[in-house]
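Please keep the structure open while reading.

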Amino acid sequence: MRPALRLFTGELDDSIQFETPSVSMTFGELFEIVSEATRYRRSWLKDFQDDEVQLPVDLYEVLSAYWSLKPGA
């Protein structure tokens, strides 16, 4: 088989899937880093505010329930 050249037309080919590299860390490690960065108002936090993160379902449920509570509840 001969390699075929492909012409880029400016549109992405939906059949090509790119895998985003990922790493794992404990929630405790993440919590410490984000807490410290929030406390000192680190500007780099804003760079990631629209990024999606993967969470275990049980953590998502706890966070969702907490967020829906009224202050002082």
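Arg-41 is exposed, with 75% relative accessible area, in a model that is predicted. Arg-41 sits in the loop between H1 and H2, and follows H1. Its phi is positive, near 50°, although the residue is not glycine. Most residues other than glycine have a negative phi.

## The two helices

The secondary structure consists of two helices and zero strands. H1 covers residues 27–39, which is 13 residues. From its first C-alpha to its last H1 reaches 18 Å, close to the 18 Å expected at 1.5 Å a residue.

H2 runs over residues 57–68.

## The salt bridge

How many salt bridges does a search of the whole structure find? The search finds one. It pairs Arg-42 with Glu-36, and the closest N and O atoms are 3.6 Å apart. The pair counts as a salt bridge because the cut-off is 4 Å. Side chains of opposite charge can pair when their charged atoms come close.

Both partners are partly exposed: Arg-42 has a relative accessible area of 38%, and Glu-36 has one of 31%.

## A nonpolar surface patch

A nonpolar patch on the surface is formed by Met-25, Phe-27, Leu-30, Phe-31, Ile-33, Val-34, Trp-44 and Phe-48. Together these residues have about 770 Å² of accessible area.

Phe-48, one of the patch residues, is found in the loop between H1 and H2. Is Phe-48 buried, partly exposed or exposed? At 49% relative accessibility Phe-48 counts as partly exposed, because a residue is called exposed only when over 50%.

## The largest pocket

The largest pocket holds about 1,200 Å³ of space. Its lining has 25 residues, and those nearest the centre are Leu-30, Val-34, Val-53, Gln-54 and Leu-55. Leu-30 and Val-34 are also among the residues of the nonpolar patch.

Both helices take part: H1 and H2 each supply at least two residues of the lining. Which element gives the largest share of the lining? That share, six residues, comes from H1.

## Burial and surface of the whole protein

The protein has 73 residues, and buried residues make up 1% of them. A residue counts as buried when its relative accessible area is under 20%. The exposed surface comes to about 8,200 Å². Carbon and sulfur atoms supply 58% of that area.

Conventions
Residues numbered from 1 in each chain as written. Predicted model: local features only at pLDDT ≥ 70, side-chain atom pairs only at ≥ 80, totals over all residues. Heavy atoms only, no water. Salt bridge = Lys/Arg side-chain N within 4 Å of Asp/Glu carboxyl O. Buried < 20%, exposed > 50% of the residue type's maximum accessible area, 1.4 Å probe, protein only. Helix = DSSP H or I, 4+ residues; strand = E, 2+ residues; numbered from the N terminus. Expected span 1.5 Å × (residues − 1). Patch = residues over 30% accessible without salt bridge, like charges linked within 9 Å, V, L, I, M, F, W, Y side chains within 5 Å. Areas by Shrake-Rupley, 256 points an atom, 1.4 Å probe, with all protein chains shown as cover. 1 Å grid on protein atoms, 1.4 Å probe; cavity = no way out; pocket = protein on both sides within 12 Å on 5 of 7 lines; lining within 4 Å. Points joined across faces, edges and corners; volume = space filled by probe spheres on them.
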